[in-house]
Amino acid sequence: MSCLKCLKYTMCAVNFIFFLCGAAVFGLGIYMSTTAKYLSLFPSLSAVNLASALFVLGIFVTCVSFLGFLGALKENRCLLISFFILLFLLMLAELTVACLLLLYEHDIDRFIMEELTNSLSKEQNGGANNATIDWNTIQETFQCCGVKNASDWGTAIPASCCSTAPCTITTAWKGCYLKLKDWFEHNLLGTGIAVIIICSIEVLGMCFSMTLFCHISKTGLGYK
């Protein structure tokens, strides 16, 4: 019985951490929906709302963690095996996305370049006001100008391309594509560590749930 209690409360603790991860993803979705609106820079992705996807993912993760917490607390084998299956499917989806990103790294790189170029071209031809705001925001935030360099803007170089006025090709910052690429590469290590931690928590959750499930089945305790 002491071993069962230890497994049960460890499972509850792991699911609490898992719940916090889901809440963090949900919070990231809220942050992106309120402050990081750069979808106009990627015209082909205008129908895809990344913030909404993070909302759904955050809710899904929190629900799965609650399922595991309740299954461990009530010693319910049905809830535990459901938690194991859902967590396994979630980790499988994460690994699939990671493999696709690595496999199509160069295609994604080219896609980003083409999307930024198309967005800048539409903005120069009198595009939506959101595109102008987003370009000014990203240029001021990352201290960059245009896609490759300031010449992408032609003769009408915006003030957000420079730290001082008047803004010219010689005083403008370098292209946003290179700056964004450098930023992603700089944060790659932190992202990798975060992914490893999340996967480790998921593996722990699956191990504890299956161990608890087998222990309950063996002793004949708990709900079916």
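## Serine 209

Serine 209 is buried, with a relative accessible area of 1%; buried denotes under 20% relative accessible area, exposed over 50% and partly exposed in between, with a 1.4 Å probe and protein chains only. This residue lies in helix α7, helices being DSSP runs of H or I of at least four residues and strands runs of E of at least two, numbered from the N terminus. Leaving aside residues up to four places away in sequence, Ser209 touches Met11, Leu80, Phe83 and Phe84, where contact means heavy atoms within 4.5 Å.

## Basis of the model

The model is predicted: local features need pLDDT of at least 70 and side-chain atom pairs count only at pLDDT 80 or more, while totals for chains, interfaces and linings use all residues. Residues are numbered from 1 along each chain as its sequence is written, and side-chain values use heavy atoms, without hydrogens and water.

## Nonpolar cores

A nonpolar core is a set of buried Ala, Val, Leu, Ile, Met, Phe, Trp, Tyr and Cys residues joined through side-chain atoms within 4.5 Å. The largest has 20 residues, of which Phe18, Phe83, Leu87 and Leu212 touch the most other members. At least two residues of this core come from each of α1 (2–34), α2 (50–74), α3 (77–103) and α7 (188–219). A second, separate core of 19 residues includes Val147, Ala150, Cys176 and Leu180.

Beyond four places in sequence, Phe83 touches Met11, Asn15, Val64, Ser65, Leu67, Gly68, Gly205 and Ser209.
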